[in-house]
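This report covers how strands pair in a single protein chain. The sequence and the structure are shown first.

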Amino acid sequence: QVQLVESGGGSVQAGGSLRLSCAASGSTYRNSWMGWFRQAPGKEREGVAAIYSGGAPTVYADSVKGRFTISQNNADDTLYLQMNSLKPEDTAMYYCAANPKYGGGWYPLSSRGYNNWGQGTQVTVSS
């Protein structure tokens, strides 16, 4: 069983930065994809960034390319999301996900593509 615990969320002004962390336990997340997703009030959950174990490849949503960086530290089993140049539209609950549901049409940023999810960490960006 994979357990995921996110941290690092908070409130910042537009243009600021935050670094999210996701501590993972369990063996099934290794040698596979992990991702960061977000959900704003009244909106569907959307994929933000994903990474394959070992650091490559990575995939980003167009809305965060050039501003967010996903990384993984295999030494301490932690997934990170460095968020720079934050915008008010980045405000959402952020979740990490692991243990992909591989199958026809699977994509690393698919919101239905993972079996395990953390409890989320809130990010609020004010203008």
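In which order do the four strands of the open sheet stand, and is the pairing parallel or antiparallel? In this predicted model, the order is β1-β3-β8-β7, and the pairing is antiparallel. The edges are taken by β1 (3–7) and β7 (68–73). Each of these two has a single partner strand, so one side of each is left without a neighbour in the sheet. On average, neighbouring strands of this sheet are turned by 15° against each other, direction ignored.

Strand β11 (residues 121–126) has two faces. Thr121, Val123 and Val125 make up the covered face, whereas Gln122, Thr124 and Ser126 make up the uncovered one.

Which strands pair with β11, and in which sense? Strand β2 (residues 10–13) runs parallel to β11 and is joined to it by four bridges. Strand β9 (residues 92–100) pairs with β11 in the antiparallel sense, over three bridges.

The table lists bridge partners.

| Residue | Bridge partner | Strand of the partner |
|---|---|---|
| Val12 | Val125 | β11 |
| Tyr94 | Thr121 | β11 |

The two β11 residues in the table, Val125 and Thr121, belong to the covered face of that strand.

Notes:
Residues numbered from 1 in each chain as written. Predicted model: local features only at pLDDT ≥ 70, side-chain atom pairs only at ≥ 80, totals over all residues. Heavy atoms only, no water. Pairing = 2+ DSSP bridges. Axes fitted to C-alpha atoms, helices over the stretch in contact; angles between N-to-C directions. Buried < 20%, exposed > 50% of the residue type's maximum accessible area, 1.4 Å probe, protein only.
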